[in-house]
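User: I am new to this structure and would like to go through some of its contacts and pockets. Could we take them one at a time?

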Amino acid sequence: MSAPLKETAPTGGTVPPQPSAGKSPARSGEPRGEGVVLNVFSHGFLALWALLIVLPLLWLVLSSFKTDVQIGNSAFGWPHNWSFDVFRRAWSKGIGDYFLNTLIVLVFSVPLTMLFGSMAAYVLARYQFWGNRLLYYFFVAGAMFPVFLALVPLFFMVKRLDMLNTYQGLILVYIAYSMPFTVFFMHAFFRTLPTAVFEAAILDGASHTRTFFQVMLPMAKAGLISVGIFNTLGQWNQFILPTVLMQPQSGSDPERYVLTQGLIQLQQQQGYASDLPVLFAGVTIAMIPMLVVYLSFQRQVQSGLTSATLK
């Protein structure tokens with residue numbers, strides 16, 4: 001048998017042995033070490049941030065199962081009696097009515113915000129016409145306008161419409177308040193959708209309305225869920241607008257307070273006879289639905305936030 005031939009270079013010399021694929025250069029350890037340090041630092045910061053958020057929520061829920069004496073003796077101690085009677089008392093003291101009022105408002109305000117906001121964003125993103133950019137910037141400017149500057153004219157405008165202390169008045173204000181962010185978010189999302197699908201639907205004879213509702217809107221499902229969650233959280237936690245607009249105008253008018261108002265009302269009703277567990281239970285009742293909503297749709301929210309950036 002003949003000996004194996006050695007590879008030769010074009011000039012006749014032998015080719016130096018190549019390093020194996022599994023071995024990395026000596027200098028590759030330095031950037032890798034820096035990446036490990038950065039990774040540990042970022043994960044440590046995120047863990048600390050999670051603790052700063054989770055621990056107060058956990059303390060709030062545990063305090064609902066304590067008594068005033070236990071809270072006074074040890075605010076951070078473990079509850080001795082795991083009784084849900086405090087939640088029943090909080091519900092009977094008005095939290096149930098405030099919860100229902102909030103649901104009535106959000107059941108109409110969030111879907112209408114999504115409908116009108118996505119329609120405006122779709123037209124501004126997919127159709128070119130005179131004043132398109134001006135109209136878009138007009139919507140975006142609304143997000144930079146502090147709501148405090150509009151409280152006085154907003155109050156008199158709603159009063160002239162005879163909608164103070166009414167569900168429909170607060171619903172319309174919530175829609176207008178949430179439109180700028182909805183249009184801004186959905187505008188960026190609709191611009192990432194493929195134009196070929198839109199053109200194919202038009203060539204097949206679909207109207208603009210049918211193309212929007214049956215073709216483009218289902219493709220923007222991830223973005224709709226993301227912005228819907230943000231609108232739900234923002235409107236659920238809104239305090240200044242219902243405080244101004246949801247006040248009884250006479251002694252015969254019903255109190256249509258939402259949850260944020262109801263918690264303040266619950267605190268004021270206690271007076272000197274404080275019942276802190278009931279107040280903690282009311283805050284827990286107001287907090288749990290939003291936690292459930294976010295945890296249920298967190299994957300859709302993350303995909304919706306990244307889709308507009310990566311596509």
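User: Which helix holds both D85 and R89, and how many residues apart are they?

Analyst: This is a predicted model, in which local features need pLDDT of at least 70, side-chain atom pairs count only at pLDDT 80 or more, and totals for chains, interfaces and linings use all residues. Residues are numbered from 1 along each chain as its sequence is written, and side-chain values use heavy atoms, with hydrogens and water left out. Helices here are DSSP runs of H or I with at least four residues, numbered from the N terminus. About one turn of the helix separates D85 from R89, both of which lie in helix 3, 4 residues apart.

User: Is R89 buried, partly exposed or exposed?

Analyst: Buried means under 20% relative accessible area and exposed over 50%, with partly exposed in between, using a 1.4 Å probe and protein chains only. The relative accessible area of D85 is 32%, so D85 is partly exposed. For R89 the relative accessibility is 27%, and R89 is therefore also partly exposed.

User: Which helix gives the largest share of the lining of the largest pocket?

Analyst: On a 1 Å grid over the protein atoms alone, a pocket is an open set of points where a 1.4 Å probe fits, with protein on both sides within 12 Å along at least five of seven lines, and lining residues have an atom within 4 Å of a point. The largest pocket has a volume of about 500 Å³, taken as the space filled by probe spheres set on the points. Its lining has 21 residues, and among those closest to the centre are V147 and Y177. The largest share, 7 residues, comes from helix 6.

User: Which helix gives the most to the lining of the second largest pocket?

Analyst: The second largest pocket holds about 230 Å³ of space, and its lining includes L233, W236 and Y294. Helices 9, 11 and 12 each give two or more residues to this lining. The most, 6 residues, comes from helix 12.
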